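Here is a short report on one protein chain. Please look over the sequence and the structure first.

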Amino acid sequence: MAGQIINPNLLLAVPLAPLAGSAIAGLLGTKFFGNVVGRVVSHSATILGVFIAMVISIMTLNQVIDGATFNGDVYTWMTIGTMKMSVGFKIDALSAMMMCVVTSVSLMVHIYTIGYMAEDDGYNRFFSYISLFTFSMLMLVMSNNFLQLFFGWEAVGLVSYLLIGFWYTRPTAIFANMKAFLVNRVGDFGFILGIGLLLAATGTMNYDETFAKAGALSAMFVPGTTWPLLTAACICLFIGAMGKSAQFPLHVWLPDSMEGPTPISALIHAATMVTAGIFMVTRMSPLFELSDTALSFIVVIGSITALFMGFLGIIQNDIKRVVAYSTLSQLGYMTVALGVSAYNVAVFHLMTHAFFKALLFLGAGSVIIGMHHDQDMRNMGGLRKYMPITWITSLLGSLALIGTPFFAGFYSKDSIIEAVAASHLWGSGFAYFSVIAGVFVTAFYSFRMYFLVFHGEERFGKAHAHDDHHAHHDDHAHNGEGKDPTALHEATAHHEEDEDDHGHHGLAPGQKPHESPLVVTLPLILLAIPSVIIGFFAIGPMLYGKFFEGVITINAERHPAMEELAHEFHGAAAMGMHSFTSLPFWLALAGVVAAFYCYMINPRVPAAFYKALRPIHTLLDNKYYMDKFNEVVFAGGARLLGKGLWQVGDRALIDGLVVNGSAKVVGWFSTVVRTFQTGYIYHYAFVMILGVLGTLLYFFPFWHA
């Protein structure tokens with residue numbers, strides 16, 4: 001089958017099927033067209049659309065493995081001179097793998113949503129949004145040009161804004177989705193600058209045509225400066241990735257995005273939006289390989305994110321926020337892999353992470369359902385015997401996350417650590433410390449959550465001191481109104497109002513948790529399977545085989561990390577066995593043991609640490625004061641700038657000088673002219689003589705003769 005071309009009409013169905021489902025649910029299933037169809041039709045249409053996309057994606061991946069490809073335009077939008085703007089697909093191992101991950105995780109989320117959003121009045125609207133999100137992500141990963149990439153990039157940002165603010169009657173949801181939107185605008189400004197630099201230098205938006213000119217680009221400079229053009233373009237592109245993939249310091253939107261319903265947390269934070277930046281840098285590997293400066297920048301940013309976002313997960317009490325900070329940390333790991341030119345490893349971790357992180361988010365949602373919308377882990381405990389399926393699947397997801405040998409996360413995470421150790425790039429020393437220390441941190445906060453939720457004393461159904469504004473609730477049963485305050489400055493203000501409006505959240509005295517219905521637990525089971533086994537089967541072909549041959553470009557002489565890994569790899573089974581003697585395994589084990597001792601054996605230890613390290617706890621509790629910094633520097637600066645523009649620009653210059661000033665000039669001139677409007681002929685004759693004299697003086701300046 002080598003050399004065969006994939007049918008473009010079949011490829012068109014991949015993004016268009018979810019789009020059609022979204023249109024049916026969003027137009028016919030909402031007030032827009034009078035609720036023509038009900039809930040069953042809405043969820044059936046969207047699930048069918050995503051299912052069709054998944055089936056075709058799997059077929060496409062099989063064809064790609066057999067050697068088939070596609071790279072061409074399917075629609076030309078416009079042509080400006082020699083530049084063509086078109087919709088096109090580039091289907092190779094990278095895009096086919098991403099198509100399968102996006103559609104499979106999205107399908108699980110769609111099915112799960114039937115149970116999770118059952119009591120919500122926005123049921124059809126939610127299905128429309130998540131199906132539209134799937135369409136946007138597929139357009140992004142299938143693109144063969146920067147225009148379509150940017151379309152998908154902005155579309156996932158827009159739909160994520162709609163999803164995070166899904167409960168638009170809740171003030172904190174509006175705050176969170178606006179925060180996500182604005183922070184992503186910062187990253188997207190860099191992204192479009194990078195695209196603009198490449199377009200100006202190459203005259204094309206097509207990937208392959210741009211990559212073909214990479215050598216010439218590396219010798220060019222940004223006009224008017226001594227900055228290497230390729231380095232500037234790559235850093236600008238990566239700033240876009242920092243926004244979408246939530247890298248420090250543009251990470252601040254992601255924890256607050258927990259305001260949205262849990263299914264979108266799984267969709268946005270597992271397989272789709274946050275991985276768009278990782279995918280984009282991997283796709284642009286022919287450009288990034290030519291700039292060590294850009295790669296070092298990526299390494300440092302990823303290292304900071306991997307370690308310092310993990311620390312924040314340790315102190316969280318909201319079950320969804322622990323998983324959210326875990327996502328931030330793991331995205332840092334992927335970014336570090338990109339920086340050391342281990343692109344294969346980065347997308348391998350992207351794939352494995354998509355399954356076990358979606359599993360953990362949906363597991364958290366199942367716990368929230370069982371706890372009657374209470375998200376505070378301090379109000380849980382002992383859920384193992386009440387929710388056995390949620391318990392075992394969450395345990396498998398946690399084991400995959402911390403890199404337990406033979407689980408999916410182990411193969412990708414350990415490969416990242418080994419790649420960083422093998423790198424000689426500037427910044428790789430700090431990166432190695434970050435990813436190694438992050439192993440212990442990840443294991444500690446993951447199993448802190450696991451033990452607090454599923455083991456130990458049953459703390460539910462009681463009057464809790466924690467039932468205050470620090471306890472977060474995912475109140476999906478109240479049509480978008482509830483109490484899930486995540487913005488610190490909003491929390492206290494809304495607490496009393498929410499209590500009055502919606503009554504008690506959590507289990508009442510005497511109530512027991514219950515296992516979630518099959519429509520919720522089935523996706524957990526289906527996601528648990530790849531979370532355990534996919535790493536074992538995929539590591540060989542994806543990292544050391546020919547799966548990404550011709551797709552990812554690596555300069556082995558300058559960046560030898562992948563070559564060194566290949567020399568040490570002797571099969572998935574041998575790698576798993578060898579890991580029991582490696583440092584990451586013992587650090588992960590130490591993290592689990594430490595969490596067990598602190599939260600199951602001797603709970604006084606965390607309290608003692610809290611007292612002894614109160615300043616550090618305060619720093620972490622305030623998220624390194626990044627929100628305050630942004631509020632004072634950027635938001636405050638914008639307010640001052642806006643006030644200055646309003647007072648000086650608008651009131652003084654525009655209103656005062658231009659508008660009112662011109663009116664005053666006209667008024668004064670009218671007053672002067674009016675004195676000659678007397679009705680006497682000799683006055684009019686005098687004015688005419690002055691006019692003729694003025695004309696002569698202007699056109700015939702005889703005094704210069």
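## A buried serine

S291 sits in the loop between α13 (285–288) and α14 (292–314). The model is predicted. S291 has 2% relative accessibility, so this residue counts as buried.

## Domains

The domain assignment gives domain 1 (1–68 + 93–142), domain 2 (69–92 + 143–460 + 510–601) and domain 3 (627–702). The C-alpha centres of domain 2 and domain 3 are 58 Å apart.

## The β1–β2 hairpin

Strands β1 (residues 70–80) and β2 run antiparallel, joined by 9 bridges. I80 stands opposite M83 in β2. The hairpin has 2 residues between its strands, and G81 in the turn has a positive phi of about 65°.

Strand β2 (residues 83–91) is largely enclosed by the rest of the structure, because 7 of its 9 residues are buried.

## Aromatic pairs

The structure holds 28 aromatic pairs. The ring centres of F444 and Y599 are 6.1 Å apart with planes at 55°, so this pair is tilted. The pair links distant parts of the chain, 155 residues apart: F444 is in helix α19 (residues 428–454) and Y599 in helix α24 (residues 583–601). F444 is buried at 11% relative accessible area, whereas Y599 is partly exposed at 21%.

Y544 and F569 form a stacked pair, 4.3 Å centre to centre with 25° between the planes. Y544 lies in helix α21 (residues 518–544), and F569 in the loop between α22 (561–568) and α23 (572–578). F447, Y450, F451, F454 and F596 form one aromatic cluster.

## Charges over rings

R185 lies over the face of F181, 4.3 Å from the ring centre. K413 lies over the face of Y333, at 5.3 Å from the ring centre.

Definitions and conventions
Residues numbered from 1 in each chain as written. Predicted model: local features only at pLDDT ≥ 70, side-chain atom pairs only at ≥ 80, totals over all residues. Heavy atoms only, no water. Domains from an automatic or database assignment. Buried < 20%, exposed > 50% of the residue type's maximum accessible area, 1.4 Å probe, protein only. Helix = DSSP H or I, 4+ residues; strand = E, 2+ residues; numbered from the N terminus. Pairing = 2+ DSSP bridges. Phe/Tyr/Trp six-rings, centres within 6.5 Å; stacked < 30°, edge-to-face > 60°. Lys NZ or Arg CZ within 6 Å of the ring centre and 35° of its normal.
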